[in-house]
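Open the model in your viewer and follow this tour one selection at a time. Each stop tells you what to pick and what is there.

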Amino acid sequence: MSADTTSARGRTGTELADRLGISKQAFHDHLRKAHATVFEVLLESGREFDEIDK
């Protein structure tokens with residue numbers, strides 16, 4: 001599934017970018033940076049993935 005196909009919530013990256021008034025590329029750049037930040041924080045916390053919901 002590409003980033004521009006319909007997601008579980010029914011929106012594409014292109015649709016979200018349009019709604020935010022930014023380019024598709026800018027949207028995907030922000031999304032990649034956000035993913036990287038989330039995983040960095042999770043991995044640096046030292047917690048196990050099964051502990052995150054607790």
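Start with Glu15: it is partly exposed, because its relative accessibility is 39%. Here buried means under 20% relative accessible area, exposed means over 50%, and partly exposed lies in between (1.4 Å probe, protein chains only). Glu15 sits in helix α1, residues 13–20. Now show its side chain. The side chain of Glu15 reaches the backbone nitrogen of Thr12 at 2.8 Å.

Some ground rules before you move on. This is a predicted model, where local features need pLDDT of at least 70, side-chain atom pairs count only at pLDDT 80 or more, and totals for chains, interfaces and linings use all residues. Residues are numbered from 1 along each chain as its sequence is written, and side-chain values use heavy atoms, with hydrogens and water left out.

**Zoom out**

Show the whole chain. How many helices and strands are there in the chain? There are 2 helices and 0 strands. Helices (H or I, at least four residues) and strands (E, at least two) are DSSP runs, numbered from the N terminus. Of the 54 residues of the chain, 9% count as buried. The chain exposes about 4,700 Å², and carbon and sulfur atoms supply 55% of that area. Accessible areas come from the Shrake-Rupley method with a 1.4 Å probe; for residues, only the protein chains shown count as cover.

**Select helix α2**

Pick residues 24–45, which make up helix α2. Its 22 residues should span 32 Å at 1.5 Å a residue, and the end C-alpha atoms are 32 Å apart, so the two agree. The expected span is 1.5 Å times one less than the number of residues. Step just past α2 to Gly46, which takes a positive phi of about 80°.

**Select Phe27**

Phe27 lies in helix α2. Is Phe27 buried or exposed? Phe27 counts as buried, because its relative accessibility is 13%. Leave aside its neighbours within four places in sequence. Phe27 is then in contact (heavy atoms within 4.5 Å) with Gly13, Leu16, Ala17, Leu20 and Ile22. Thr14 is 13 residues away along the chain, and its C-alpha atom is separated from that of Phe27 by 8.1 Å.

**Select Asp29 and Arg32**

Their side chains meet in a salt bridge, 2.5 Å from N to O. The rule asks for a side-chain nitrogen of Lys or Arg within 4 Å of a carboxyl oxygen of Asp or Glu. By this rule the count is 1 salt bridge. Both residues lie in helix α2, 3 residues apart, about one turn of the helix. Asp29 is partly exposed, with a relative accessible area of 30%. Arg32 is partly exposed too, at 48%.

**Last stop: Leu43**

Leu43 is also in helix α2. Leu43 counts as exposed, because its relative accessibility is 59%.

Technical notes. A polar contact is a pair of N or O atoms within 3.5 Å; within protein, one must be able to donate a hydrogen and the other to accept it, and residues adjacent in sequence count only if both atoms are side-chain atoms.
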